[in-house]
Amino acid sequence: MSNMETTSVLQCRSLIKEFSEGPEKLTVLNGVELDVKPSERVAIVGSSGSGKTTLLQLLAGLDKPTQGEVLVCNHALSELSETRQGELRNRHLGFVYQFHHLLPEFTALENVAMPLLLRREVSVKEARLRAEAMLEQVGLKPRMSHKPSELSGGERQRVAIARALVGEPDLVLMDEPTGNLDPNTAARIHDLMKALSEQLTTSFIVVTHDMAFASQMDRALRLEDGLLVPA
Ligand SMILES: Nc1ncnc2c1ncn2[C@@H]1O[C@H](COP(=O)(O)OP(=O)(O)OP(=O)(O)O)[C@@H](O)[C@H]1O
Ligand SMILES: [Mg+2]
């Protein structure tokens, strides 16, 4: 990416998301604005049901807004076909779901290698080596041959984090990544994020209930009444 100083990794403008419930309309997001620069680490807090997961899904193009626009690395998602959106996601974004969504029939190592294999740019051997190195970073190398059902909740969460980071994306969206982690392991994940943002200019948007974790980010925002406000 050129023009590091001026380019945004992610922008959203006047983002509105409504869910219709019979005759009723539930407005979850009501004009959200956000601009994230390279290397920036942004925390999003907010009460349960305030729309945090909904927002992350829209930012990743996993769901469509009712109104408004999301730009990932200056590409307006609404102007791209589903296929191009998928390519853009694979190349530029990493996503850690609130309930991790690992593939149950594959080992931790295979789960982490998957985004690299989907790109078809590196050999299977290279993908496995990079996945192994990333699993080591999150402290899971000894468990890498196990399937998700054989891992603890926090271990699964760390596999999902390794999978999101392995492709060296420009932006990582994380939905409660440290919810199942003890303070020491959470601190380790935070150190890894900080190192990646400094070394590779990776940006992070992290939804969390952990105020200590949020306060270590560059910015903390609160989702409240459908809007993002300073936390
Ligand atoms: N597909 C859907 N259809 C209808 N309503 C939905 C849908 N998805 C989410 N909602 C509603 O939108 C609101 C926001 O949900 P969301 O999952 O974004 O909250 P959240 O901030 O992530 O909460 P939590 O902290 O509990 O994970 C909730 O009231 C939820 O019930
Ligand atoms: Mg949520």
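In which helix does T54 lie? The legends below start from this question and refer to a predicted model.

**View 1. T54 in its helix.** T54 is part of helix α1. With a relative accessible area of 17%, T54 counts as buried, because buried means under 20%. Apart from neighbours within four places in sequence, T54 is in contact with K17, F19, V28 and L29.

**View 2. T54 and ligand 1.** T54 also belongs to the closest residues around ligand 1. An N or O atom in the side chain of T54 is 2.6 Å from an oxygen atom of ligand 1.

**View 3. S48 and S50 beside ligand 1.** Two serines are shown here with the ligand. In the side chain of S48, an N or O atom is 2.6 Å from an oxygen atom of ligand 1. For S50 the backbone is involved: one of its polar backbone atoms is 3.3 Å from an oxygen atom of ligand 1. Ligand 1 taken alone exposes 640 Å², and 62% of that is buried by the protein.

**View 4. The shell around ligand 1.** Ligand 1 is surrounded by 14 residues. The closest are S48, G49, K52, T53 and T54. Sorted by class, the shell holds 9 polar, 3 nonpolar and 2 charged residues.

**View 5. Elements that supply the shell.** Two or more residues of the shell around ligand 1 come from each of β1 (10–21), β2 (24–36) and α1 (52–59). Helix α1, in which T54 lies, gives the largest share, 3 residues.

Methods:
Residues numbered from 1 in each chain as written. Chains lettered and ligands numbered in written order. Predicted model: local features only at pLDDT ≥ 70, side-chain atom pairs only at ≥ 80, totals over all residues. Heavy atoms only, no water. Near = heavy atom within 4 Å. Polar contact = N/O pair within 3.5 Å; in protein donor to acceptor, adjacent residues only side chain to side chain. Areas by Shrake-Rupley, 256 points an atom, 1.4 Å probe, with all protein chains shown as cover. Helix = DSSP H or I, 4+ residues; strand = E, 2+ residues; numbered from the N terminus. Nonpolar A, V, L, I, M, F, W, Y, C, P; charged D, E, K, R; others polar. Buried < 20%, exposed > 50% of the residue type's maximum accessible area, 1.4 Å probe, protein only. Contact = heavy atoms within 4.5 Å.
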